[in-house]
Amino acid sequence: MFFFENIRLAIASLRSNKMRAILTMLGIIIGISAVITITTLGNSLKKTLSNSFNKLGGQTFDVEYRFKQEENQDEDGVYQYRPMEEDDYITDDMLKELEAKYPGRYLVSRSNDLGAGTVKNKKGDKLNVSISGVTEGYIKSASIYKMLSGRTVNNDDDNGRKHSIIVSDIFVKQYFGHEDANAVGSDISLDITGLCDTDFTIVGVFKFPKILEKYMQSTSNFMDRETPVMIPYETAKKLNRSNESNSRDWYITFMLNDMSMDRDQALRDIERFFNEKYRNNKYWGIEIYDPQNELGIVNKVLNIVTLVISIIAAISLLVGGIGVMNIMLVSITERTREIGVRKALGAKKRHIKTQFIVEAIILCLIGGIIGVLLGIFNGYLIGYIARYALGQMPEYQDFVALSIQPSLNAILLSLGFSMLIGVFFGSYPAGKAAKLDPIEALRYE
Amino acid sequence: MKTIISMHGIVKKFYIGMPNELEILHGLNFKINEGEFTSIVGPSGSGKSTLMNIIGALDRPTDGVYMLNGIDVAQLNDSELSAIRNKEIGFVFQNFNLVSRTNAIENVELPMLYAGVGRRERRRRAEKLLEMVEMSDRATHNPNELSGGQKQRIAIARALANSPSIILADEPTGALDTVTGHMVMDIFHKLHKEENKTIVLITHSKELAAETDRIITLRDGKIISDTGKAGGQNVLL
């Protein structure tokens with residue numbers, strides 16, 4: 001009850017000196033808004049990075065082969081390298097066993113490269129394509145690909161080594177003349193450079209990811225543009241018999257089917273599974289590559305930058321706090337008589353002390369709240385500028401998910417901290433007020 | 001008759017132990033009974049204010065025993081003195097001393113606030129007190145919207161808030177014109193007669209003092225006369 005009375009008193013006192021209160025708050029406002037702006041940006045950048053990362057397949061991780069150096073050293077510490085042999089690769093049986101052990105948990109994504117090829121359309125134009133073999137999980141886990149129609153190559157295609165193919169919307173336009181053509185079901189003749197010339201049936205069309213423009217031969221002539229096409233993994237392997245090493249992938253990508261599953265646990269399970277399989281292999285083992293580790297480093301750097309700038313901003317809070325103390329001292333001098341009256345009416349030291357500390361806290365808290373709002377506003381403003389800038393770079397739009405997110409922790413911490421400033425810098429003036437001699441105070445003019 | 005104030009050998013010194021040590025009150029002895037309307041008069045420098053501060057528990061005597069409603073005030077610490085002022089004494093000041101930015105009824109509630117009285121009870125009693133001083137219609141006015149007489153009436157209502165043992169009025173009409181001064185004095189008389197309140201009036205005005213039951217005259221820190229209509233016990237030192 002007394003507490004609310006104090007808050008009411010404090011607000012009445014601040015309102016009677018609005019200009020002074022605002023000027024005093026300015027230091028706090030600037031400090032807090034700087035902290036909130038910086039943490040909002042840091043937080044947003046982290047969130048954006050992680051979103052974009054997920055869009056680019058950040059939910060996946062790779063199992064790579066690793067040569068067991070430490071077990072293949074001679075006395076001089078020089079290791080004896082032995083290239084991978086057929087038995088060193090992860091076998092289909094292993095993958096089946098993994099699936100049996102953790103049913104439905106992992107989506108296996110494999111791909112191999114068949115190199116360049118050409119497809120002739122009815123007009124006789126030669127269309128350039130780059131061909132890869134992929135498993136069913138590939139399109140799903142590499143989220144830069146979006147299916148527009150039909151389906152992706154699946155396990156059936158793979159097991160039956162079928163001649164199914166998925167192509168991009170750009171290829172459809174090149175081949176049929178317009179992008180709305182009903183391509184699914186059509187047969188095309190694919191000439192794989194240096195291997196063979198064989199027919200494939202289009203089973204699906206995906207949207208050409210803009211980001212790939214940077215990696216594909218891109219010419220001003222639309223018909224000459226190279227586009228990616230994908231066929232079943234095993235089909236590619238079969239067609240590539242002559243060049244065994246090319247059909248081998250150096251890593252297998254796994255994706256979690258269930259996003260809610262503990263990622264670290266999933267990684268550890270896979271690692272344990274394959275380590276078991278490779279325990280008796282003298283030369284080769286496996287290693288997990290987790291792209292999120294890279295994100296972790298970026299996050300660490302961002303955290304440090306945020307912290308450093310926050311510390312600098314905290315100096316402004318310190319200056320603001322001194323301003324608060326100064327104005328509280330002035331206020332107490334002005335209200336000496338009031339303090340005397342209150343004491344005469346029976347206010348104890350702690351009553352007076354509480355009254356002025358609450359006033360200082362309210363002053364700082366209002367400053368803090370204004371600062372937080374200003375900081376969030378700044379964050380969104382910069383976010384909109386960034387969004388506008390991103391709008392100028394369409395190739396990134398597909399996978400950069402800009403997200404402005406004020407850090408709740410920082411907001412609560414800032415408000416708490418501003419209250420703490422009130423307590424800290426209000427204590428001395430309030431203590432001084434409480435110690436006033438009522439007789440002197442009553443006589444004060 | 002119940003004794004409210006009992007002063008025995010009250011001495012007040014300032015600058016104790018210093019070359020300019022000053023003794024203001026030189027061993028005062030007097031008693032004030034319940035329901036008495038006493039005035040303390042004396043020229044400036046006579047020790048009136050110092051005595052008032054001691055009676056009002058704003059200050060402790062250097063020597064002597066001051067019993068207020070049975071409590072030995074000289075022995076109390078700072079916090080206990082605050083509690084005594086809060087419960088036993090109702091101050092009325094020359095310059096009203098209402099708390100600014102706080103409206104009339106909230107001013108009246110202040111002593112009850114410090115006494116820990118609940119919000120409802122505070123409001124109820126404050127309304128009653130304002131009614132008594134005929135200021136109900138000004139309850140929500142801030143002090144700067146009130147005239148001197150109105151302010152003093154609010155101050156009297158505030159002084160009565162915790163039903164104190166004594167009302168200690170320091171030149172309550174000093175800042176008022178004659179007419180309003182009389183109105184304020186009428187309230188004191190009413191409180192004295194109708195509510196049997198113990199009132200101590202500190203003044204330098206002989207006229208005002210003459211309106212009271214008993215006059216204690218101070219000069220140079222000594223009581224030079226103590227005359228009373230009702231009290232009857234003239235203690236002359």
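Visitor: Before we start, what should I know about the numbering and the model?

Guide: Residues are numbered from 1 along each chain as its sequence is written, and chains are lettered from A and ligands numbered from 1 in the order in which they are written. The model is predicted, so to speak of local features a pLDDT of at least 70 is needed, side-chain atom pairs count only at pLDDT 80 or more, totals for chains, interfaces and linings use all residues, and side-chain values use heavy atoms, with hydrogens and water left out.

Visitor: Okay, which strands form the open sheet in chain A, and in what order?

Guide: Four strands of chain A form an open sheet in the order β2-β10-β1-β11, with antiparallel pairing; strands here are DSSP runs of E with at least two residues, helices are runs of H or I with at least four, and both are numbered from the N terminus. Two strands pair if DSSP finds at least two bridges between them.

Visitor: Which strands stand at the edges?

Guide: β2 (106-109) and β11 (284-289) of chain A stand there, each with a single partner strand, so one side of each is left without a neighbour in the sheet. Neighbouring strands of this sheet are turned by 30 degrees against each other on average, direction ignored.

Visitor: How many bridges join β2(A) to β10(A)?

Guide: Four bridges join β2(A) to β10(A), which covers residues 251-256, and the two strands run antiparallel. Within that pairing, S109(A) has T253(A) in β10(A) as its bridge partner.

Visitor: And which helix lies across β1, β2, β10 and β11 of chain A?

Guide: That is α8(A), which runs at about 30 degrees to β1(A). For such angles, axes are lines fitted to C-alpha atoms, for helices over the stretch in contact, and the angles run from 0 to 180 degrees between N-to-C directions.

Visitor: What about α3(A) and α8(A), at what angle do they pack?

Guide: Helix α3 (residues 92-101) and helix α8 (residues 263-277) of chain A pack at an angle of about 140 degrees, with their axes 11 Å apart. The two helices are therefore oblique to each other; angles under 35 degrees count as roughly parallel, over 145 as roughly antiparallel, 65 to 115 as roughly perpendicular and the rest as oblique.

Visitor: Which residues meet there?

Guide: From α3(A), M94(A), L95(A), E97(A), L98(A) and K101(A) meet I270(A), F273(A), F274(A) and K277(A) of α8(A), where contact means heavy atoms within 4.5 Å. By class, this contact of α3(A) with α8(A) has six nonpolar, no polar and three charged residues; Ala, Val, Leu, Ile, Met, Phe, Trp, Tyr, Cys and Pro count as nonpolar, Asp, Glu, Lys and Arg as charged, and the others, Gly among them, as polar.

Visitor: Changing topic, how many residues of α6(A) are buried?

Guide: Six of the eight residues of helix α6 (residues 169-176) of chain A are buried, so this helix is largely enclosed by the rest of the structure. Buried means under 20% relative accessible area, exposed over 50%, and partly exposed in between, with a 1.4 Å probe and protein chains only. The buried residues of α6(A) are D169(A), I170(A), F171(A), V172(A), Q174(A) and Y175(A), and the helix is followed by G177(A), whose phi is positive, near 95 degrees.

Visitor: Is F61(A) buried or exposed?

Guide: F61(A), which is found in strand β1 of chain A, counts as buried at 0% relative accessibility. Between F61(A) and L317(A) there are 256 residues in sequence and 44 Å in space, C-alpha to C-alpha.

Visitor: Over to chain B, which strands form its open sheet?

Guide: Four strands of chain B form an open sheet in the order β2-β1-β4-β5, with antiparallel pairing. Its edge strands are β2 (22-33) and β5 (71-72) of chain B, each pairing on one side only. Strand β1 (residues 3-14) of chain B pairs with β2(B) in the antiparallel sense over nine bridges, and the bridge partner of T3(B) in β2(B) is N33(B).

Visitor: Where does α1(B) lie?

Guide: Helix α1 (residues 48-55) of chain B lies across β1, β2 and β4 (63-68) of chain B, running at about 125 degrees to β1(B). This helix is mostly covered, since seven of its eight residues are buried, and α1(B) is followed by A57(B), whose phi is positive, near 60 degrees.
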